[in-house]
Amino acid sequence: EAFQVLKASYDGGVRVFEFTNRKANSYEVFKHLHAKRSEFPDLMFGIGTIVDAETTKKFIDAGADFIISPILNTEMAPVCHQHDKLWMPGCATLTEIVTAKQNGAQVIKVFPGSVLGPGFLSAIMPVVPDLQLMITGGVEPTQENLTAWFKSGAMCVGMGSH
């Protein structure tokens, strides 16, 4: 089933895919999907819902191109940097965002977007204008919603259940 989702996403034009680590068998499924990478030559394939350094290393060893977290755990940063992998921590406050940036996060996940809203981005961007923010958690596939996020300063968005 996960392969079919990945294939449909790829066939639809997706070139950056986050597989989430939410089930007991997520590691095995991730390894299975990674073994089929040759079918998706220009795909960046990463792992999300990672919350600690040990799991970060485990998935990097399994081939993750990037690591996404719903939280800010600075212990994950040196593991990603050591292996030259993009680390995208989840942040919900300006303090967390600045801390993530100080720890080398190039792209910062703003989560949950549905709670924070585009107004949050509009308010913080003048304070720290050089941020690269990815919004997840409640992004809707509508012109109105996507326009609001990008006008407020989002670099990109992530969509899941929507």
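1. T49 is partly exposed, because its relative accessibility is 23%. The model is a predicted one. T49 sits in the loop that joins β2 (44-48) to α3 (53-61). Its phi is positive, near 60°, and the residue is not a glycine. Most residues other than glycine have a negative phi. That makes T49 a backbone position to look at.

2. D84 is another non-glycine residue with a positive phi, here about 55°. The loop between α4 (76-82) and β4 holds D84. With 72% relative accessibility, D84 is classed as exposed.

3. Which peptide bond is cis? The one from F111 to P112, where omega is near -5°. Most peptide bonds are trans. P112 belongs to the loop between β6 (108-110) and α6.

4. The largest pocket holds about 1300 Å³ of space. Its lining counts 40 residues, and E18, F19, T20, M159 and G160 are the closest to the pocket centre. Six elements are listed as giving two or more residues to this lining: α1 (2-11), β1 (16-20), α2 (26-35), β3 (66-68), β4 (86-88) and β8 (156-157).

5. Which element gives the largest share of that lining? Strand β1 does, with five residues. By type, the lining of the largest pocket has 22 nonpolar residues, 13 polar and five charged.

6. How many disulfides does the model contain? The count is zero. A disulfide needs the two sulfur atoms within 2.5 Å. C91 is buried, because its relative accessible area is 1%.

7. C156 is partly exposed, since its relative accessibility is 23%.

8. Helix α7 spans residues 143-152, and N145, W149 and S152 are buried there. Why do these residues share a side of α7? Because they cover an arc of only 75° around the axis. An α-helix has 3.6 residues a turn, so residues three or four places apart point the same way. On the other side of α7 lie the exposed residues Q143, E144 and K151.

9. What covers the buried residues of α7? The cover includes α6 (113-124), β7 (133-135) and β8. Strand β8 also gives two or more residues to the lining of the largest pocket. Just after α7 comes G153, whose phi is positive at about 125°.

10. S122 is part of helix α6. S122 is partly exposed, because its relative accessible area is 41%. How far apart are S122 and K151? They are 29 residues apart in sequence, and 8.3 Å apart in space from C-alpha to C-alpha. K151 is among the exposed residues of α7.

Technical notes. Residues numbered from 1 in each chain as written. Predicted model: local features only at pLDDT ≥ 70, side-chain atom pairs only at ≥ 80, totals over all residues. Heavy atoms only, no water. 1 Å grid on protein atoms, 1.4 Å probe; cavity = no way out; pocket = protein on both sides within 12 Å on 5 of 7 lines; lining within 4 Å. Points joined across faces, edges and corners; volume = space filled by probe spheres on them. Helix = DSSP H or I, 4+ residues; strand = E, 2+ residues; numbered from the N terminus. Nonpolar A, V, L, I, M, F, W, Y, C, P; charged D, E, K, R; others polar. Buried < 20%, exposed > 50% of the residue type's maximum accessible area, 1.4 Å probe, protein only. Arc of directions from axis to C-beta. Contact = heavy atoms within 4.5 Å.
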